Amino acid sequence: MAPLNALALVCSLKPSPAPSSSELMARQVLDALVERGVTGDMIRVVDHEVRPGVKTDMGGDDAWPGMRQRVLDADILVVSTPTWVGHMSSVAQRVLERLDAELGETDDQGRPLMFGKVAVVAVVGNEDGAHKIVADLFQALGDTGFTIPAQGSTYWNNEAMNPKDYNDLARTPEAVASTTATLARNAAHLALALREHPYPAS
């Protein structure tokens with residue numbers, strides 16, 4: 001059996017090579033998944049031309065079709081986003097809008113193509129809002145067909161009115177590291193279970 005694989009979509013507003021707290025946390029999630037035998041890769045979405053729209057391909061120089069194929073090839077999707085004015089980034093919202101097209105895409109048994117895939121979420125921010133962002137992402141990803149594992153999110157929010165970023169920390173807080181490890185353990189377990197026992201078509 002091929003090893004499980006994960007894809008992290010990093011929804012930072014900062015293009016490469018600027019340091020990104022969202023990318024750092026996504027890397028930590030992927031590293032934790034490696035410890036569970038899951039291979040991983042990441043894409044910083046803002047580095048690519050992802051057009052607005054709700055189709056799988058918006059034409060022209062739209063980069064989403066290539067990203068979409070990598071999502072389809074993955075067993076686990078990691079969505080990592082910063083917090084901006086209490087909400088997910090506009091890049092993360094764009095990803096959700098493009099994933100909306102999957103509601104109309106099915107396999108040869110009539111199941112949505114994202115059935116059988118696991119999704120987890122990572123949020124960073126120097127302001128509050130992580131729980132609301134996780135709730136919004138989980139709702140949208142679940143609607144699209146992804147399955148969410150128990151404790152399938154990890155996050156870090158700095159104390160109020162203190163502009164420190166996650167990638168400014170000297171070390172990862174133990175609570176964050178422990179939560180990320182649990183996320184990875186549960187996501188890998190669920191992805192393997194869904195591979196071995198797919199959702200029924202009817």
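**Figure 1. Ser22 in helix α1 of the predicted model.** Ser22 has its place in helix α1, and the structure shown here is a predicted model. Buried residues have under 20% relative accessible area. Ser22 counts as buried because its relative accessibility is 3%. Setting aside residues up to four places away in sequence, Ser22 touches Val10, Ser12, Ser80, Thr81, Pro82 and Val124.

**Figure 2. Helix α1 and the elements that cover its buried residues.** Helix α1 runs over residues 21-34. At 1.5 Å a residue, its 14 residues should span 20 Å, and the C-alpha atoms at its ends are 20 Å apart, so the two values agree. The buried residues of α1 are Ser21, Ser22, Met25, Ala26, Gln28, Val29, Leu30, Ala32 and Leu33. The cover over these buried residues includes the strands β1 (5-10), β2, β3, β5 and β6, together with helix α5.

**Figure 3. The largest pocket and its lining.** The volume of the largest pocket is about 250 Å³. Its lining consists of 16 residues, and those nearest the centre are Lys14, Ser21, Pro82, Trp84 and Asp165. One of these, Ser21, is also among the buried residues of α1. At least two lining residues come from each of α1 (21-34), β3 (76-84) and β5 (118-125). Strand β3 provides the largest share, 3 residues. Sorted by class, the lining holds 6 nonpolar, 7 polar and 3 charged residues.

**Figure 4. The second largest pocket.** The second largest pocket contains about 210 Å³ of space. It is lined by 14 residues, with Phe115, Gly116, Lys117, Leu194 and Pro198 closest to the centre. By class, 8 of the lining residues are nonpolar, 1 is polar and 5 are charged.

**Figure 5. Thr147 and its surroundings.** Thr147 is located in the loop between α4 (130-144) and β6. Its relative accessibility is 12%, and Thr147 therefore counts as buried. Beyond its neighbours within four places in sequence, Thr147 is in contact with Lys117, Val118, Ala119, Leu190, Leu194 and Tyr199. From Thr147 to Ile76 the separation is 71 residues in sequence and 9.4 Å in space, C-alpha to C-alpha.

**Figure 6. The aromatic pair of Trp156 and Tyr166.** The structure holds 2 aromatic pairs. One of them, formed by Trp156 and Tyr166, is tilted, with 5.6 Å from centre to centre and 45 degrees between the planes. This pair links distant parts of the chain, 10 residues apart: Trp156 belongs to strand β6 (residues 153-157), whereas Tyr166 belongs to the loop between β6 and α5 (174-196). Both Trp156 and Tyr166 are buried.

**Figure 7. Met58 in a loop.** Met58 is situated in the loop between β2 (39-44) and α2 (64-73). Apart from its neighbours within four places in sequence, Met58 is in contact with Arg51, Pro52, Gly53 and Arg98. Met58 and Val38 are separated by 20 residues in sequence and by 32 Å in space, C-alpha to C-alpha.

Figure 8. Val85 is not a glycine, yet its phi is positive, at about 45 degrees. Val85 is found in the loop between β3 and β4 (87-88). Its relative accessibility is 68%, so Val85 counts as exposed. Gln151, also a residue other than glycine, has a positive phi near 50 degrees. Gln151 occupies the loop between α4 and β6, and Thr147 is found in the loop between these elements too. Gln151 is exposed, because its relative accessible area is 59%, whereas Thr147 is buried at 12% relative accessibility.

How values were computed
Residues are numbered from 1 along each chain as its sequence is written. This is a predicted model: local features need pLDDT of at least 70, side-chain atom pairs count only at pLDDT 80 or more; totals for chains, interfaces and linings use all residues. Side-chain values use heavy atoms; hydrogens and water are left out. Helices (H or I, at least four residues) and strands (E, at least two) are DSSP runs, numbered from the N terminus. Contact means heavy atoms within 4.5 Å. On a 1 Å grid over the protein atoms alone, a cavity is a set of points where a 1.4 Å probe fits but cannot get out, and a pocket is an open set with protein on both sides within 12 Å along at least five of seven lines; lining residues have an atom within 4 Å of a point. Grid points are joined across faces, edges and corners, and a volume is the space filled by probe spheres set on the points. Ala, Val, Leu, Ile, Met, Phe, Trp, Tyr, Cys and Pro count as nonpolar, Asp, Glu, Lys and Arg as charged, and the others, Gly among them, as polar. Buried means under 20% relative accessible area, exposed over 50%, partly exposed in between (1.4 Å probe, protein chains only). Rings of Phe, Tyr and Trp (its six-membered ring) pair if their centres lie within 6.5 Å; planes under 30 degrees apart count as stacked, over 60 as edge-to-face and the rest as tilted. The expected span of a helix is 1.5 Å times one less than its number of residues.
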